Amino acid sequence: SSGINAEYGDIVEFYPSITEDILDRALNFAKQHTDITSEELSIIKHCKSSLLFHNDQAWEKKNKTFDVTMGSYDGAETCELVGLYMLHRLKQCINPCHIGLYRDDGLAIVPDANGP
């Protein structure tokens, strides 16, 4: 044994699990690394207002209209931003050189619990 394992993970229902609070945290993290104007923040949040119509009737989500939808113009970008925030948080536990994330798929190199 080489003493390490490659671990793969898939975040189930990643897009719909992104809440407004998580997006706010990710945006605050991003603001530490780049300039984001209040107008840009407003646009980003406004783009998460999702409405669904069927037979001329509006359907409402159980909670609110906030939603990160797959296939939306900025859904993938939102997913990437939240992913960067997640990686930032994970670096407290795992060497950042040993973990990667693409949308909802993650890969990490971790020490073998049994050791060499």
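A: Start with Cys97. Its relative accessibility is 71%, so Cys97 counts as exposed. Keep in mind that this is a predicted model.

Next, the bonding. A disulfide is a covalent bond between the sulfur atoms of two cysteines. The cut-off used here is 2.5 Å between the two sulfur atoms. By that rule, the count is 0 disulfides. Cys97 is in none, and the nearest cysteine sulfur belongs to Cys93, 15 Å away. Cys47 has 42% relative accessibility, so Cys47 counts as partly exposed.

Now turn to Thr78. This residue sits in helix 4. Thr78 is buried, with a relative accessible area of 5%. The cut-off for buried is under 20%, so 5% qualifies. Leaving out residues up to four places away in sequence, Thr78 touches Leu23, Lys48 and Val68.

Two packed helices are described by the angle between their axes and the distance between the axes. Here the pair is helix 2, residues 20–31, and helix 4, residues 75–90. Their axes come within 9 Å and cross at roughly 75°. An angle from 65 to 115 degrees counts as roughly perpendicular. Helix 2 and helix 4 are therefore roughly perpendicular to each other.

Which residues meet? On the helix 2 side they are Ile22, Leu23, Arg25, Ala26, Leu27, Phe29 and Ala30. On the helix 4 side they are Thr78, Leu81, Val82, Leu84, Tyr85, His88 and Arg89. By class, this contact between helix 2 and helix 4 has 10 nonpolar, 2 polar and 2 charged residues.

Last, the strand contacts. Ile109 lies in strand 5, residues 105–111. Its relative accessible area is 30%, so Ile109 is partly exposed. Set aside its neighbours within four places in sequence, and Ile109 is in contact with Ile4, Asn5, Ala6 and His98. Take Asn5 from that list. Ile109 and Asn5 are 104 residues apart in sequence. In space, their C-alpha atoms are 5.7 Å apart.

To recap: the model has 0 disulfides by the rule used. Thr78 is buried, while Cys97 is exposed. Helix 2 crosses helix 4 at roughly 75°.

Technical notes
Residues numbered from 1 in each chain as written. Predicted model: local features only at pLDDT ≥ 70, side-chain atom pairs only at ≥ 80, totals over all residues. Heavy atoms only, no water. Axes fitted to C-alpha atoms, helices over the stretch in contact; angles between N-to-C directions. Helix = DSSP H or I, 4+ residues; strand = E, 2+ residues; numbered from the N terminus. Parallel < 35°, antiparallel > 145°, perpendicular 65-115°, else oblique. Contact = heavy atoms within 4.5 Å. Nonpolar A, V, L, I, M, F, W, Y, C, P; charged D, E, K, R; others polar. Buried < 20%, exposed > 50% of the residue type's maximum accessible area, 1.4 Å probe, protein only.
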